Amino acid sequence: MTWDMEAIQLMQNLLPRETVLFIADAKMSFDSFRSSMVATVNSKTIITVNPGKITLQHPHHQKEASEDPTGGFSQRNSITDVYTVNQLKERAKEQSEPLYGITYSFISKFDLDSSVSKVIKTRCSKCKFLVTEDMKSCTNQLCPGREQPLSTTTGFDLLVDFTDHTGTLQACSLRGLVAEQTLGCTTDEFITLTDDQRTSLKWKFLLGRCKIYIKILPSPRMKSGLRGMILACTLADPGEVKQHMTKLLQEL
């Protein structure tokens, strides 16, 4: 049982009878209505999807999660192809390799004014597994550093939707230094913002036309079959948008 929105969104993307979950630190309590013990997911609960696959996917997973020290992936500077959202989806599904591109889209979901724990998260430095700072070691059974003292990284960890006239790409990752560059503040600075300031920062981007550098990977864990990673995001120049959107419309 869960009331946590992030966990609910995760569960909605899972395939019944095709997904194995490893759940750590769930709260167990007796439910008189069901006359049985019930596990409840809370903020300390760690959920691993298909843990048996992590060993095979681990090197690839590490490559996906590691960021360039400059605040993005090194490929970003070489990305020039512009796509609509629908083109990104279709082309990404046609190939097994990651797709890189630029899209001029509206940010349609950006939960920047949620609780800090939903915006800033702590992960194991070894396997990028979600952890809490009070843990002594990583709870991921397949973490290469599980027997060692826990080493963590803490940073922005957001899921963003973006939309244009052709569709929406949901739950794209906006993390770490890329998120700091996008928002114009560090995690320490963000924590000191008032609720009104966070809302104001959110609306600076929400429903605004942005120039988004995106990397899209095949992902059987996602309902759409695709996982997007934002490499850079800035408010778009209207003249630049008009130029590229006119060209895209002519190609359709």
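Modeller: Happy to. Let's start with a side-chain pair: threonine 122 and threonine 154 make a polar contact of 2.9 Å through their side chains. A polar contact here is a pair of N or O atoms within 3.5 Å; within protein, one must be able to donate a hydrogen and the other to accept it, and residues adjacent in sequence count only if both atoms are side-chain atoms. Keep in mind that this is a predicted model, where local features need pLDDT of at least 70 and side-chain atom pairs count only at pLDDT 80 or more, while totals for chains, interfaces and linings use all residues. Residues are numbered from 1 along each chain as its sequence is written, and side-chain values use heavy atoms, with hydrogens and water left out.

Threonine 122 sits in strand 6 (residues 120-124); strands (E, at least two residues) and helices (H or I, at least four) are DSSP runs numbered from the N terminus. With 10% relative accessibility, threonine 122 is buried, a word used for under 20% relative accessible area, with exposed over 50% and partly exposed in between (1.4 Å probe, protein chains only).

Threonine 154 also leads us to threonine 132: the two are 22 residues apart in sequence, and their C-alpha atoms are 9.8 Å apart in space. Threonine 132 belongs to the loop between strand 7 (130-131) and strand 8, and at 22% relative accessibility it is partly exposed. Its side chain has a polar contact of 2.5 Å with the side chain of aspartate 134.

The whole structure holds two aromatic pairs, where rings of Phe, Tyr and Trp (its six-membered ring) pair if their centres lie within 6.5 Å, and planes under 30 degrees apart are stacked, over 60 edge-to-face and the rest tilted. Phenylalanine 110 is buried at 4% relative accessibility, and phenylalanine 205 is buried at 3%.

The other pair is phenylalanine 156 with phenylalanine 190; the centres are 5.5 Å apart and the planes at 80°, so it too is edge-to-face. Phenylalanine 156 lies in strand 8 (residues 152-164) and phenylalanine 190 in helix 6 (residues 187-191), 34 residues apart. Phenylalanine 156 is buried at 2% relative accessibility, and phenylalanine 190 at 0%. Arginine 198 lies over the face of phenylalanine 190, 5.0 Å from the ring centre; the rule asks for NZ of Lys or CZ of Arg within 6 Å of the ring centre and within 35 degrees of the ring normal.

A cavity is a set of points on a 1 Å grid over the protein atoms alone where a 1.4 Å probe fits but cannot get out, and lining residues have an atom within 4 Å of a point. About 30 Å³ of space lies in this second largest cavity, a volume being the space filled by probe spheres set on the points, which are joined across faces, edges and corners.

Conventions. On a 1 Å grid over the protein atoms alone, a cavity is a set of points where a 1.4 Å probe fits but cannot get out, and a pocket is an open set with protein on both sides within 12 Å along at least five of seven lines; lining residues have an atom within 4 Å of a point.
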